[in-house]
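User: Could you walk me through this model, one topic at a time? I will show it here and then start asking.

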There are 2 protein chains.
Amino acid sequence: MKATLIYGAGDIRVEDVPDPKLQNASDAIVRITHSCICGSDLWPYKSREQTEQGDRIGHEFIGVVEETGSDVGRVQKGDLVVAPFFYADGTCEYCRAGLTSACPNGNAWGADTDGGQGEAARVPFADNSLMKLDVPHDSELMPSLLTLSDVFGTGHHAAVSAQVGPGKDVVVVGDGAVGLLGVLAAKRLGAERIVLMGHHKDRTDLGREFGATDVVAERGEEGEQNVRDLLGTDGAHSTIEAVGYDQSLSTALNVTKPGGHVGIVGVPQSGTIPNAARKFMANITVAGGIAPTQANMHELLPDVLDGTVEPGKVFNRTIPLDETPEGYRAMNDREALKVLVRP
Amino acid sequence: MKATLIYGAGDIRVEDVPDPKLQNASDAIVRITHSCICGSDLWPYKSREQTEQGDRIGHEFIGVVEETGSDVGRVQKGDLVVAPFFYADGTCEYCRAGLTSACPNGNAWGADTDGGQGEAARVPFADNSLMKLDVPHDSELMPSLLTLSDVFGTGHHAAVSAQVGPGKDVVVVGDGAVGLLGVLAAKRLGAERIVLMGHHKDRTDLGREFGATDVVAERGEEGEQNVRDLLGTDGAHSTIEAVGYDQSLSTALNVTKPGGHVGIVGVPQSGTIPNAARKFMANITVAGGIAPTQANMHELLPDVLDGTVEPGKVFNRTIPLDETPEGYRAMNDREALKVLVRP
């Protein structure tokens, strides 16, 4: 089969790789029909050291079950399914607590398994890792359903971690796909005021469509002051940080009021959380992290199926698998917000 | 009157200063009977740049109300009172929410007011800032009551921020007075297992008396592994960080299990929170900060009065005001755990 590999910064290739085979009784083989490129795929795309052997990449997909191991019963051959970006066993302490992204037997795609940007994948713990989708295989909902793999579930996790709820003032730092779906998640959870910090007009326009009541394009101190002026307070109750750079993390703390909550879902790139003085003096809680989308898709799926939310609007380009390298370039150059890949 | 001033690192002096006077209708003048030296006073003691003019210092005290402004009614002349280290107006949004340490009209002692290590102090918002103590002025409870100013209330805030509760496994990083009172607070809140990380035997012995079930003396990776081995898990549900150095903050994250909570009450000395990768990948929530002891002394006072807890055991030296410089030296050299000052 064909799959996408990364060999180094800017070096994405689609190559022939061995077909996946069942290895464990709980495995399934899924023929991938929809995949996509994630903002987090751009980190290695920007910085990965060149190697002779490439690594499989991609971690979001929908597909059709092709084969199942002897222990698999809940999903069956022919089922349309969506996979979370981090598969999990469904039985450990963390899975039972809804924190599937901490499952010691789980992992992200591409590490011990196939990547998501390919024609097929072996799926461990298939009964738990795969969510069956009772829609036609050509449903118009497919882009929105695909966001349950990662970006919508991650935006939701950020909002929950930031304690978003009815009547709350929310700030979202970052207008990438996760930030925009953080806006949608906050709106869905009842936030009253949602200020989106971002400076790409096409993206912030989509943010307004998703529920942002205000947009602040300025960054740094000026942007922070503008947010506080808009809210007429010391900051938001709840802030979603969907970038991961020191500047955006620092801003997230500066636009949150004392006693407020920041939910971070952008991987902190410096390895530290800056602006600890603000965090400390204002008793701001910093929650969040790698999202348990295997768990939270159960909550989000019904609203996607009935059209209450349309997170799939973040996709603004669709390409065949062969063009994945061009998809990376387009996302990295900010020509595309999020690229859907059809193997 | 006499008061303590700091002129630079290692340079503490007791000098004559102007007597405090009422400035606002909500002020009271308190004649201080019990004060003390805080671990946080040692930060400037270690590092403050030398200046010609000294700054008033000390922020924990008990005393007797000597004079009150025209708006003061709840406390009266002759009342024995304890003051929180951060006074607050009692009426703002944050005070009403119990986060008195975020009161925009409040402050710590010594900034706009007298310091706590002196013979008297002007107390703003006296009706809210002062807690009346219905005990004899020579009560044996005085050391324990004095800890409501800061250290016990701070340990309690750390425990609450770390979501300590019945049946929880708790780790406390740091065996200073705040760490030890974090142990006591965790015990009081129903923690099942309390592992104290500290390597001063006299202090960890007091920690055991306060409720620590285990002590780990090793630091760094070895100490972290020992904690996990003791608990037989990936770490604690709740960790109290009562130091503030990068190493101890990093350890706090490494001994907390995925989905757990760290309550920080040691001021992060590097200005950042390290080990963000662990925080992110394990979805550990980092809460806490400057403690609202004006608010939480209402919860803690009854248990101090009836002897359920004896936080005053952290004091192991008592000195007159004139010997304050020697008290700083003794605490800084770890000869004394916490020094009580009797003006």
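User: How many bridges join strand β1 of chain B to strand β2 of chain B, and do they run parallel or antiparallel?

Analyst: This is a predicted model, in which local features need pLDDT of at least 70 and side-chain atom pairs count only at pLDDT 80 or more, while totals for chains, interfaces and linings use all residues. Residues are numbered from 1 along each chain as its sequence is written, and chains are lettered from A and ligands numbered from 1 in the order in which they are written. Six bridges join β1 (residues 2-8) to β2 (residues 11-16) in chain B, and the two strands run antiparallel. Strands here are DSSP runs of E with at least two residues, helices are runs of H or I with at least four, and both are numbered from the N terminus; two strands pair if DSSP finds at least two bridges between them.

User: Which residues stand opposite each other there, and what is in the turn?

Analyst: Thr4(B) stands opposite Val14(B) in β2(B), and Gly8(B) has Asp11(B) as its bridge partner. The two strands form a hairpin with two residues between them, and Gly10(B) in the turn has a positive phi of about 75 degrees.

User: What is the strand order in that open sheet?

Analyst: The order is β2-β1-β4 in chain B, three strands with antiparallel pairing. β2 and β4 (55-56) of chain B stand at the edges with a single partner strand each, so one side of each has no neighbour in the sheet. Helix α12 (residues 324-332) of chain B lies across β1 and β2, running at about 160 degrees to β2(B); angles run from 0 to 180 degrees between N-to-C directions, and axes are lines fitted to C-alpha atoms, for helices over the stretch in contact.

User: Switching to β16(B), are its faces covered or open?

Analyst: Both faces of β16(B) are covered, with Thr285(B) and Ala287(B) buried on one side and Val286(B) and Gly288(B) buried on the other. Buried means that 20 or more other C-beta atoms, placed from the backbone, lie within 10 Å of the residue's own; 12 or fewer is exposed, and in between is partly exposed. Four bridges join β15(B) to β16(B) in a parallel arrangement, and Ile264(B) stands opposite Gly288(B).

User: How many residues does each chain bring to the contact between A and B?

Analyst: The contact takes 27 residues from chain B and 27 residues from chain A, where two residues are in contact if their C-beta atoms, placed from the backbone, lie within 7 Å. On the chain B side, β15 (256-264), α10 (276-281) and β16 (285-288) each supply at least two residues, and the largest share, five residues, comes from α10(B). By class, that side has 18 nonpolar, eight polar and one charged residues, with Ala, Val, Leu, Ile, Met, Phe, Trp, Tyr, Cys and Pro counted as nonpolar, Asp, Glu, Lys and Arg as charged, and the others, Gly among them, as polar.

User: And chain A on its own, what does the domain assignment give?

Analyst: The assignment, which is automatic or taken from a database, gives domain 1 (2-150 + 292-342) and domain 2 (154-288). Their centres, taken over C-alpha atoms, are separated by 27 Å, and the contact takes 16 residues from domain 1 and 14 residues from domain 2.

User: At what angle do α5(A) and α11(A) cross?

Analyst: The axes of α5 (residues 151-161) and α11 (residues 293-305) of chain A cross at roughly 90 degrees and come within 9 Å. The two helices are therefore roughly perpendicular, a label for 65 to 115 degrees, whereas under 35 is roughly parallel, over 145 roughly antiparallel and the rest oblique. Phe152(A), Gly153(A), Thr154(A), His156(A) and His157(A) meet Thr293(A), Asn296(A), Met297(A) and Leu300(A), and these residues divide into three nonpolar, six polar and no charged.

User: How many residues of α9(A) are buried, and what covers them?

Analyst: Seven of the nine residues of α9 (residues 246-254) of chain A are buried, among them Leu249(A) and Leu253(A). The covering elements include β11 (169-173), α8 (220-231), β14 (236-241), β15 (256-264) and α10 (276-281) of chain A.
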